[in-house]
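I opened my notebook to look at one protein chain, a step at a time. Here is what I looked up, in the order I wrote it down.

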Amino acid sequence: MISVDCPPSEELCENINEISILLLRFSEEKIVIIGDFNAKSSIWGPGNREKRGNIVHELINKFDLVVINDSDSPPSINGPCGISWIDIMMFMNIGVDRITEWKISDRITLSDHQIMEFKVEKENFSNKRKAYKWSIESINLFDFKVKVNQSVEGCKTIYKDSKKNLNEIIKEILHILANVCFETRKRNKKTLFGGTPKWKY
């Protein structure tokens with residue numbers, strides 16, 4: 001867990017560099033980054049992206065971070081100076097479905113910052129499939145094309161009048177594509193004596 005506080009009076013680049021060092025050092029770990037970046041972007045709130053927002057975007061793209069904030073949420077800052085959306089939660093190497101019930105609370109506190117609530121679900125090891133980077137060489141391309149076409153036609157029917165939000169639909173489609181890759185993968189056939197298949201009875 002990386003807790004962040006980047007005051008507007010300080011250069012954001014220095015804080016981002018420190019975060020980058022940690023992300024490089026613990027690149028295989030599950031990491032949650034949360035805090036006040038004093039940066040604006042339409043990804044985590046209404047309004048246009050500005051200079052500090054661009055710097056955070058570079059960090060997100062460099063490390064393939066996932067921003068969990070909902071841009072339609074209440075402001076994360078609500079005080080005498082006004083309202084703003086500058087508190088961000090991001091994560092790395094954690095499944096999107098494990099972060100649930102994220103919201104900006106409307107509870108009254110002694111701070112201008114509103115409470116950011118969320119849950120991290122336990123990892124389901126029983127259904128966990130080993131992470132795999134797919135390539136054209138590792139799948140049967142013809143079977144892949146056939147199954148993708150079938151899946152696309154199925155999605156047209158499933159999502160035609162769906163009331164699910166875009167993030168849920170994208171997550172389900174990615175899951176479908178991962179299954180297609182897994183089902184059409186090239187299997188290594190164990191052979192015995194000059195290529196004769198080795199069967200077990």
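**Cysteines and ground rules**

I began with Cys81, which is exposed at a relative accessible area of 83%. My cut-offs: buried means under 20% relative accessible area, exposed over 50%, and partly exposed in between, with a 1.4 Å probe and protein chains only. Cys181, at 11% relative accessibility, counts as buried. I then searched the whole structure for disulfides (pairs of cysteine sulfur atoms within 2.5 Å) and found zero.

I noted that this is a predicted model, where local features need pLDDT of at least 70, side-chain atom pairs count only at pLDDT 80 or more, and totals for chains, interfaces and linings use all residues. Residues are numbered from 1 along each chain as its sequence is written, and side-chain values use heavy atoms, with hydrogens and water left out.

**The overall layout**

I looked up the elements next and found four helices and ten strands in the protein chain. Helices (H or I, at least four residues) and strands (E, at least two) are DSSP runs, numbered from the N terminus. From the N terminus on, I read the order as β-α-β-α-β-β-β-β-β-β-α-α-β-β. The protein chain has 201 residues, and buried ones make up 32% of them.

I also looked at contacts, which means heavy atoms within 4.5 Å. Among contacts between residues at least 6 apart in sequence, 62% join residues at least 24 apart.

**Two helices side by side**

How are helix 1 and helix 2 oriented to each other? I found helix 1 (residues 12-25) and helix 2 (residues 51-63) packing at an angle of about 10°, with their axes 10 Å apart. Axes here are lines fitted to C-alpha atoms, for helices over the stretch in contact, and angles run from 0 to 180 degrees between N-to-C directions. The two helices are therefore roughly parallel to each other. For that wording, angles under 35 degrees count as roughly parallel, over 145 as roughly antiparallel, 65 to 115 as roughly perpendicular and the rest as oblique.

On the helix 1 side, I listed Leu12, Cys13, Ile16, Ile19, Ser20, Leu23 and Leu24; they meet Arg52, Ile55, Val56, Leu59 and Phe63 in helix 2. By class, this contact has ten nonpolar, one polar and one charged residues. In this scheme Ala, Val, Leu, Ile, Met, Phe, Trp, Tyr, Cys and Pro count as nonpolar, Asp, Glu, Lys and Arg as charged, and the others, Gly among them, as polar.

- Ile16 is buried at 7% and touches Phe37, Ile55 and Leu59. Its C-alpha atom is 9.5 Å from that of Glu58, 42 residues apart along the chain.
- Ile19 counts as buried at 5% and is in contact with Val4, Ile33, Phe37 and Leu59. The C-alpha atoms of Ile19 and Val4 are separated by 8.7 Å.
- Ser20 is buried at 9% and contacts Leu59 and Phe63.

**The cores**

Which residues touch the most other members of the largest nonpolar core? I found Leu23, Ile33, Phe37, Val56, Leu65 and Met90, out of 22 residues. Strand 1 (2-5), helix 1, strand 2 (31-36), helix 2 and strand 6 (87-92) each supply at least two residues of this core. Helix 2 gives the largest share, five residues. A nonpolar core is a set of buried Ala, Val, Leu, Ile, Met, Phe, Trp, Tyr and Cys residues joined through side-chain atoms within 4.5 Å.

Phe37 took up a line of its own: beyond its neighbours within four places in sequence, its contacts include Val4, Cys6, Leu12, Val56 and Met90. I also noted a second, separate core of ten residues, including Val32, Ile34, Phe91 and Ile104.

Asn69 sits in the loop between strand 3 (66-67) and strand 4 (77-79) and is buried at 9%. Among the residues Asn69 touches are Trp44, Asp87 and Trp102.

Asn38, in the loop between strand 2 and helix 2, has a positive phi of about 50° although it is not a glycine. Asn38 counts as buried at 16%.

Asn93 lies in the loop between strand 6 and strand 7 (99-104), and its phi is also positive, near 65°. I marked Asn93 as partly exposed, at 39%.
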